[in-house]
Amino acid sequence: MTVTDQREPVAGILRAMAADADVRGELVHAARAHSPDVARLGEHDTRRHVTAMVRAAGGWLGTLDRVDEQDFGAALGLGADRAAQGVPMTSVLRGVQAGLTRAVEITVDRSRSAGVPDRMLLTAVLRLKEYGDAVERHVINGYRAAERDVPAPGGGAARARLLRQVLVNGVLPAPRDLAGAGLRPDGAYHCLVADTHDPGALRLPGRGIAAVVEGRLVGLLPCRPQDAVAGTGTVAGGVPPLAVVSPAVPLAGAGAAYHLCLRALRVGARGGRHGLLDLTDLAGETALAEQPVLGAYLSGRLLGALDPADDFHRQLALTALAFLDHGRRLDQAAAALFTHPNTVRYRLARLRQITGGSPADPASAGSPGPMAALHWWWALSTWLRPDAEPPFRPPS
C-alpha cells in the first residue's frame with residue numbers, strides 16, 4: 001500500500017469537511033469567539049475569508065503533502081485586509097489559530113468515528129499542523145506588506161519600518177537613519193498610540209513621524225498633540241478615536257513608552273474612553289490591570305458576600321463605584337446615577353450590611369484614607385468586569 005493510499009481515508013474526510021458549510025460555520029465561530037477585534041468586523045467578513053482559504057486548500061487536501069507548492073493567496077489577502085481594517089496583528093493571529101485548532105479537532109473527531117487508525121491520524125494531524133503554520137506565515141506576510149504600503153505622514157514605508165524597529169523591537173537605528181526620518185538621537189519624543197489606522201483621524205504636529213504599526217496609528221512627536229479630533233476622524237457614534245500619548249522620553253525609552261501606551265489604550269477602551277488622553281491619566285487603572293489575580297483576591301476579600309448573578313448586588317456595587325468615581329460626594333454620585341442622594345446613602349448602608357464594609361467608611365479595606373479608597377475602587381472594578389478573574393474565596 002502506498003503512502004497516498006494510507007492517507008486517503010483522512011484526505012477523504014478533509015475533502016468532505018471542506019464542502020461542509022456547517023464546518024465552515026464552526027471555523028468562523030471559533031475565530032470570532034477567540035478574537036473580539038475580529039468579531040467586531042461582522043460574521044460575513046470572516047466567513048468570506050474562511051471560505052476562500054478552504055477553497056484554496058482544495059489541491060492539498062487530496063495528497064496532504066507539498067505544502068510549499070500550494071497557493072496561499074487567500075491567506076495573504078486575509079492579512080492585507082485585516083491590516084487595512086486596523087485589526088491588531090495579535091488579534092488576527094488569535095482568530096486564525098482558533099480556526100485552525102477547530103479544524104484539527106473536527107478532523108480528529110470524524111477520523112476516529114470513521115475508524116481511522118491512530119498512527120494514520122497522527123500523521124495527518126502533523127501535516128495539518130504544517131499546513132496551518134504556512135497559513136499563519138502568509139497571513140503575517142500579507143499584513144506586513146499592507147502596513148508597508150500605508151503612507152506615513154512626513155515620510156513613506158521606510159519611516160513605518162523605522163517606527164517598528166524603535167518601538168516594537170527596541171533597537172535604535174543608526175544616527176544617519178534617524179536623521180533621515182527627522183529624528184535626533186539625543187531628542188525627546190512623545191509616543192502616541194491611537195485606536196485607529198487612519199492617519200487623518202488625528203491632528204498631529206507638522207514635525208515627527210507617524211505610521212500604522214500593528215494595526216494602530218503610532219507616532220513619535222516632538223510636541224504633544226493639542227487636539228485629537230479632526231472632523232472626519234470620528235468613530236461610530238460621532239466620538240473621536242481613543243488616543244494615548246506619553247510624556248516626552250528619550251528614544252532609548254520610546255519602546256517602553258509604546259508598550260505602556262498600548263496597555264493604557266486597552267484599559268481606556270474597556271472603560272469606554274475616547275479622545276486624546278495622557279498616559280498618566282490612565283496610570284492607576286493601567287497599573288492595577290497588570291495584577292488581575294491580586295485584584296481577584298481583593299475582590300473576594302471585600303465583596304465575597306455579593307452574588308454576581310444578583311441584580312440588586314450589582315446595583316450596590318455600581319453605586320459604590322460611582323460614589324468613589326465622584327470623590328465620595330453623595331450629590332454627584334446621585335446625579336450620575338439619576339437618583340436621589342438618599343438612595344445612594346441607603347445602598348451604601350446595605351453594602352455595609354452585606355459585606356461588612358463600605359467605601360463610605362473613613363477607614364476600611366485594611367487601610368486608612370486614600371489606600372482604603374484605592375482598595376475599594378480596585379475590588380469594585382474587578383468584581384463588575386465580565387472578563388475579570390473570579391473573586392477569590394478561601395475555602396471554608
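R224 counts as partly exposed, at 26% relative accessibility, where buried means under 20% relative accessible area, exposed over 50% and partly exposed in between, with a 1.4 Å probe and protein chains only. The model is a predicted one, in which local features need pLDDT of at least 70 and side-chain atom pairs count only at pLDDT 80 or more, whereas totals for chains, interfaces and linings use all residues. Residues are numbered from 1 along each chain as its sequence is written, and side-chain values use heavy atoms, with hydrogens and water left out.

R224 forms a salt bridge with D278, in which the closest N and O atoms are 2.8 Å apart; a salt bridge is here a side-chain nitrogen of Lys or Arg within 4 Å of a carboxyl oxygen of Asp or Glu. This pair links distant parts of the chain, since D278 lies in strand 5 (residues 276–278) and R224 in the loop between strand 3 (216–221) and strand 4 (243–250), 54 residues apart. Helices (H or I, at least four residues) and strands (E, at least two) are DSSP runs numbered from the N terminus.

D331 counts as partly exposed at 38% relative accessibility, as does R329 at 41%. E26, R102 and E105, in turn, are linked in a network of salt bridges, and a search of the whole structure finds 10 salt bridges.

The axes of helix 14 (residues 311–325) and helix 15 (residues 330–337) come within 8 Å and cross at roughly 125°, the axes being lines fitted to C-alpha atoms, for helices over the stretch in contact, and angles running from 0 to 180 degrees between N-to-C directions. Helix 14 is therefore oblique to helix 15, given that angles under 35 degrees count as roughly parallel, over 145 as roughly antiparallel, 65 to 115 as roughly perpendicular and the rest as oblique. The contact, defined as heavy atoms within 4.5 Å, is made by T319, A322 and F323 of helix 14 and by L330, A333 and L337 of helix 15. The residues of this contact comprise five nonpolar, one polar and no charged, where Ala, Val, Leu, Ile, Met, Phe, Trp, Tyr, Cys and Pro count as nonpolar, Asp, Glu, Lys and Arg as charged, and the others, Gly among them, as polar.

D133 lies in helix 8 (residues 118–149) and counts as partly exposed at 27% relative accessibility. The C-alpha atoms of D133 and L100, which are 33 residues apart along the chain, are separated by 9.3 Å.

The chain as a whole contains 17 helices and seven strands, and buried residues make up 44% of its 396 residues. Among contacts in the chain between residues at least 6 apart in sequence, 70% join residues at least 24 apart.
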